[in-house]
Amino acid sequence: MRLQRTRDMDMCSGPVFMKILRFSLPIMAMNFLQLIFNAADMIVVGRFSGSEALAAVGATGALINLIINTFMGLSVGTSVVVAQDYGARDWRGVNRSVHTSILLSAVGGVAVMLIGLFFSSPMLRMMGTPDDILDLANIYMIIIFIGVPASMIYNFGAAVLRAVGDSRHPMYYLIITGAINVVLNMIFVIVFHWNVVGVALATIISQYISVVLIIVCLMRSDGAIQLSLRHLCIDKEKTLRIVKIGLPAGLQSALFSVSNVLIQSAINSFGSTLIAANSASGNIEGLIGTTMNAFSNAAITFVGQNMGAKKYTRIDRVAKCCTVLVFATWIILGAVILIFGEPLLMIYTADPAVVELGMIRMRVMMVVYFSCGIMNVFPGLTRGMGFSMLPMFCTLIGCCVMRIVWLVTAFAWYPTVMVLFMCYPVTWSIAAVGQVISYFYARKKVFARGDMVPDEA
């Protein structure tokens with residue numbers, strides 16, 4: 001089966017809005033499915049292994065993201081570099097980027113796995129993870145990190161496909177591996193009673209299946225993105241471009257995760273009930289967050305290709321469309337989450353205390369969740385133009401620094417659950433303003449180049 005001709009999307013001409021929506025819908029579906037599969041992990045472990053097991057899984061999320069995201073951010077560099085080469089019709093450059101990216105992802109995945117295996121236990125202790133869930137959380141993390149190499153390669157491969165306009169095949173593979181994950185969850189947890197061990201094993205098995213699917217897809221593709229394992233190499237010029245854009249993106253994600261680790265440490269101080277509530281509520285809120293993330297992916301790819309084609313006026317159109325879609329998502333899905341929050345939380349747990357605390361978080365988060373979308377989409381626009389340091393500094397100041405300030409001032413003065421959760425919307429809003437300013441600065445620099453190609457559309 002040959003895939004190339006069926007997946008290309010012309011992002012450099014014609015109307016923008018419907019193309020962004022068409023490109024984003026498979027990513028939304030993929031993110032929704034990932035959310036559902038993650039929810040299945042938590043529902044199965046929460047219902048059949050208890051609140052402590054649910055809290056153990058939830059307590060690891062921020063720490064896992066902290067360790068993984070620095071390297072995973074390089075996949076953003078892959079998206080931008082491949083998209084720019086593709087927009088410029090530099091087919092040899094696209095092929096070199098693909099082979100460099102896949103090898104980088106494999107090397108990075110092994111490095112992250114080793115870091116996670118060695119440092120998971122001491123870092124969980126540093127975060128103040130409660131003793132009643134510490135051992136379970138540590139076992140879960142160790143198993144999850146064994147699957148990191150597969151996760152890294154899959155994400156880089158999916159970034160390559162999205163960069164040329166194919167957002168569908170990654171979705172197909174997630175459907176297959178997600179279904180396998182859910183089935184294995186039920187077998188390992190309900191039948192074999194392996195609690196968090198079963199959930200983690202199901203996750204990494206599905207991850208290694210997904211990497212096989214994405215590699216086979218790239219190997220069987222036509223044209224510039226076709227992968228040949230014997231041609232895997234580190235191209236110096238492509239590596240530098242990927243790292244220049246991807247490393248700041250990874251550092252931004254890592255800094256964001258640092259702030260989340262600090263907040264998770266504060267949550268841990270309230271005990272396992274709040275940890276479970278925070279985990280379940282956060283999983284539900286992912287419904288809106290992952291939708292907005294699809295628009296961020298679209299922003300990177302559309303801007304990247306139009307930068308390569310030097311059609312700079314289309315960048316403004318992409319920005320306007322993505323902003324409208326962020327606000328529409330907030331209004332529609334935010335309302336759904338608030339209205340059906342309690343019954344959704346009750347799917348995860350029968351503990352009324354967990355449900356009550358989960359609803360407190362939801363109400364606080366949904367007030368200005370659009371600012372989270374703006375904070376995520378505008379860095380995609382800026383990075384697509386080739387500017388990656390600016391979004392990183394905005395995240396450093398708006399999220400990491402300001403969250404620390406919030407924790408040592410407002411939360412220290414009023415150590416309540418409500419004040420703790422308010423840290424999120426306050427810092428989202430500050431970071432969002434900075435990201436919008438960064439976008440306009442980058443836009444001004446790009447338009448000043450004087451090499452723009454007129455847009456015939």
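Is aspartate 85 buried or exposed?

Author: This is a predicted model, and the values that follow are computed from it. Aspartate 85 is buried, because its relative accessible area is 6%, which is under the 20% that sets the limit for a buried residue.

Helix H5 is mostly covered, for 14 of its 14 residues are buried. With 14 residues at 1.5 Å a residue, H5 should span 20 Å, and the distance of 20 Å between its end C-alpha atoms agrees with that expectation. Just after H5 comes arginine 89, whose phi is positive, at about 60°.

Aspartate 85 has charged partners elsewhere in the chain. Lysine 238 forms a salt bridge with aspartate 85, and the closest N and O atoms of the two are 2.7 Å apart. Lysine 238 belongs to helix H11 (residues 236–268) and aspartate 85 to helix H5 (residues 74–87), so this pair ties together parts of the chain that are 153 residues apart in sequence. Lysine 238 is itself buried, with a relative accessible area of 2%.

Arginine 241 also reaches aspartate 85, and their side chains meet in a salt bridge at 3.0 Å from N to O. Here too the pair links distant parts of the chain, with arginine 241 in helix H11 and aspartate 85 in helix H5, 156 residues apart. Arginine 241 is partly exposed, because its relative accessible area is 22%, a value that falls between the limits of 20% for buried and 50% for exposed.

A further salt bridge lies between other helices. The side chains of arginine 443 and aspartate 316 meet at 2.7 Å, N to O, and this pair, too, links distant parts of the chain, since arginine 443 lies in helix H19 (residues 417–447) and aspartate 316 in helix H13 (residues 313–339), 127 residues apart. Arginine 443 is partly exposed, with a relative accessible area of 24%, whereas aspartate 316 counts as buried at 18% relative accessibility. The structure as a whole holds seven salt bridges.

The largest nonpolar core has 97 residues, of which Ile20, Ile225, Val318, Tyr369, Val377, Leu381 and Met385 touch the most other members. Helix H12 (residues 272–308) gives the most to this core, contributing 15 residues. Apart from that core lies another, of 25 residues, which includes Leu74, Leu124, Val148 and Val189.

Val110, Leu114, Ile115, Leu117, Phe118, Phe119, Ile142, Ile146 and Tyr208 make a nonpolar surface patch of about 770 Å². Helix H6 (91–126) and helix H7 (131–146) each supply at least two residues of this patch, and the largest share, six residues, comes from H6. Isoleucine 115, which lies in helix H6, is partly exposed, with a relative accessible area of 35%.

In one of them, phenylalanine 378 and tyrosine 439 are arranged edge-to-face, with 5.4 Å from centre to centre and 85° between the planes. Phenylalanine 378 is in helix H16 (residues 370–384) and tyrosine 439 in helix H19, so this pair ties together parts that are 61 residues apart in sequence. Phenylalanine 378 counts as buried at 7% relative accessibility, and tyrosine 439 is buried as well, with a relative accessible area of 2%. Tyrosine 439 also pairs with phenylalanine 440: the ring centres are 5.1 Å apart and the planes stand at 70°, so this pair is edge-to-face. Phenylalanine 440, at 48% relative accessibility, counts as partly exposed. Elsewhere, ring pairs link Phe188, Phe192 and Trp194 into a cluster.

Conventions:
Residues numbered from 1 in each chain as written. Predicted model: local features only at pLDDT ≥ 70, side-chain atom pairs only at ≥ 80, totals over all residues. Heavy atoms only, no water. Salt bridge = Lys/Arg side-chain N within 4 Å of Asp/Glu carboxyl O. Helix = DSSP H or I, 4+ residues; strand = E, 2+ residues; numbered from the N terminus. Buried < 20%, exposed > 50% of the residue type's maximum accessible area, 1.4 Å probe, protein only. Core = buried A, V, L, I, M, F, W, Y, C linked by side-chain atoms within 4.5 Å. Patch = residues over 30% accessible without salt bridge, like charges linked within 9 Å, V, L, I, M, F, W, Y side chains within 5 Å. Areas by Shrake-Rupley, 256 points an atom, 1.4 Å probe, with all protein chains shown as cover. Expected span 1.5 Å × (residues − 1). Phe/Tyr/Trp six-rings, centres within 6.5 Å; stacked < 30°, edge-to-face > 60°.
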